[in-house]
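Q: Could you help me read a protein structure, one feature at a time?

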Amino acid sequence: MKTELIDVSPTRKEITIEIEPEVVRAAYDRVTDRYSKLANVPGFRKGHAPRSVVRTRFKSEIRSEVLQELVPEAIAGAIEEHSLETIGEPQVRLDNDDALQKFGDEPISVHVNVEVLPRVELREYKGIEAARRVRPVTDGDIDSIIEGLRENSASLIPVEDRGAQLGDTRDW
């Protein structure tokens, strides 16, 4: 697997990954064999269909399964190789559609865009002076907060033996 790292910005990197044809062919054969063992192909006993028939019949399924097997593994390997601290999911774009038509004959090329943590350089921080602001708290502030807590936790009790009168509830 060949990888190339491109710095787009301090927080965004682009990785170009090329997966060798031998690796693609091996995965393609492995997935095809799995399908041929489990697939019911008319005219053949279960598990005895030839590879070429299985590949023709289940072409898109096999192709997508091979990509699902190879691409995440290649991306994880490239991220680890370049020691990137990624944030979120990578954005993946396949480059060469011709390689998908000729599975195993040409390398698969993938572009991956990832967000990374920016590098932060720690400069001199000792000896920096900062002003601490203290706001005085008065008795009136404390009383208003306590009264607000009382109002929030108070419950209304219905009065059923008389009619409603002014002052039964108060709006603050």
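A: Let's start with exposure: a residue is buried under 20% relative accessible area, exposed over 50%, and partly exposed in between (1.4 Å probe, protein chains only). Take R34: its relative accessible area is 36%, so R34 is partly exposed. Keep in mind that this is a predicted model, where local features need pLDDT of at least 70, side-chain atom pairs count only at pLDDT 80 or more, and totals for chains, interfaces and linings use all residues. Residues are numbered from 1 along each chain as its sequence is written, and side-chain values use heavy atoms, with hydrogens and water left out.

Q: Which residue does R34 meet in a salt bridge?

A: The idea first: a salt bridge is a side-chain nitrogen of Lys or Arg within 4 Å of a carboxyl oxygen of Asp or Glu. R34 pairs that way with E65, at 2.5 Å from N to O. R34 sits in helix α1 and E65 in helix α3, so to speak distant parts of the chain, 31 residues apart. Helices (H or I, at least four residues) and strands (E, at least two) are DSSP runs, numbered from the N terminus. E65 is partly exposed too, at 22% relative accessibility.

Q: How many salt bridges are there by this rule?

A: The count comes to eleven. One of them joins E115 and R12, 2.4 Å from N to O. That pair links strand β4, where E115 lies, with strand β2, where R12 lies, and the two residues are 103 apart in the chain. E115 counts as partly exposed at 32% relative accessibility, and R12 counts as partly exposed at 21%.

Q: What about D29 and R51: which parts does that pair tie together?

A: The closest N and O atoms of the D29–R51 salt bridge are 3.7 Å apart. D29 is in helix α1 and R51 is in helix α2 (residues 51-57), so the bridge ties together parts that are 22 residues apart in sequence. At 21%, D29 is partly exposed, and so is R51 at 37%. Salt bridges with shared partners also join D29, D33, R51 and R55 into one network.

Q: Now the inside. Which residues touch the most other members of the largest nonpolar core?

A: A nonpolar core is a set of buried Ala, Val, Leu, Ile, Met, Phe, Trp, Tyr and Cys residues joined through side-chain atoms within 4.5 Å. The largest one here has 30 residues, and I17, I62, V66, F103 and I108 touch the most other members. Two or more residues each come from β2 (12-19), α1 (21-38), α3 (59-81) and β4. The biggest giver is α3, with nine residues.

Q: What is I17 in contact with?

A: Contact means heavy atoms within 4.5 Å. Setting aside neighbours within four places in sequence, I17 has contacts that include M1, A74, I75, I108 and V110.

Q: Is F58 buried or exposed?

A: F58 is buried, with a relative accessible area of 17%. You'll find F58 in the loop between α2 and α3. Beyond its neighbours within four places in sequence, F58 is in contact with Y35, A39 and V41.

Q: And where is I128?

A: I128 is in the loop between β4 (108-116) and α5 (139-153). With a relative accessible area of 61%, I128 is exposed.
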